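Dear colleague,

I am handing over the structure below, and after it you will find my notes on what was found. Please read them with the coordinates open beside you.

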Amino acid sequence: ALRAAKLGVVAAEAMLETARKERIPDLNFFVAYGKALPHEGNFIEGGISLPLPLFHRNQGRIMETTALVAMARHEEQFTEFKFDAALSAARSKQRTTDQQMTQLTEKIMPAAERSLTQAQEAYRSGRLAFLELIDAQRTHKEVLLRTVELRRTLVLVDAEIMNLNGKGPYADLGGK
């Protein structure tokens, strides 16, 4: 989208340049041959005409294409801002998800595993009710599920960042 917006600016500037050149008139040459009255004979006439741009200087077209150039530049800036915002949001999401993953794997997961192990030992020795063991297992599985969800989110965010940077499986390998 950013490349398309930049090419839009180039196209609008080319249209403006064309409009500016159209106000300069071209030289017109003409030659004519004719026959007037039978007793006067044939005649040949020729000439050069140079239109003077006193009234029609193509000002309307020039102003229109100038406005189109300004609009294309604003569109390019808007697209660039959108791109920067999307990239910043993706990087922020990546940092946040990475911090959550670190917290989960370094602190929460070991605590959940330790809690499950203790609950299993306590249940075997008869000091813990079955429902409390089930609760410890559920907590452990929820932590595992949350780990998988965070890994999935990290992979998706990495793919989004690669896509925004023009890399990865959907990169445009065409010309510049």
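T18 counts as partly exposed, because its relative accessibility is 43%, a value that, like the others here, comes from a predicted model. T18 lies in helix α1, which covers residues 2-22, and its side chain reaches the backbone oxygen of A14 at 2.9 Å. Although T18 and I62 are separated by 44 residues in sequence, their C-alpha atoms are 8.9 Å apart in space.

Turning to helix α3, which runs over residues 130-164, its 35 residues should span 51 Å at 1.5 Å a residue, and the distance between its end C-alpha atoms is 51 Å, so the two values agree. The buried residues in α3 are L133, A136, H140, V143, T147, L150, T153, L154, V157 and I161. An α-helix has 3.6 residues a turn, so residues three or four places apart point the same way. What covers the buried residues of α3 includes α2, residues 59-124. After α3 comes G166, whose phi is positive, near 80°.

As for aromatic rings, the structure holds 1 aromatic pair. This pair is formed by Y123 and F130, whose ring centres are 5.8 Å apart and whose planes meet at 55°, so the pair counts as tilted. Y123 is partly exposed, since its relative accessible area is 36%, and F130 is likewise partly exposed, at 47% relative accessibility.

Definitions and conventions
Residues numbered from 1 in each chain as written. Predicted model: local features only at pLDDT ≥ 70, side-chain atom pairs only at ≥ 80, totals over all residues. Heavy atoms only, no water. Helix = DSSP H or I, 4+ residues; strand = E, 2+ residues; numbered from the N terminus. Buried < 20%, exposed > 50% of the residue type's maximum accessible area, 1.4 Å probe, protein only. Polar contact = N/O pair within 3.5 Å; in protein donor to acceptor, adjacent residues only side chain to side chain. Expected span 1.5 Å × (residues − 1). Contact = heavy atoms within 4.5 Å. Phe/Tyr/Trp six-rings, centres within 6.5 Å; stacked < 30°, edge-to-face > 60°.
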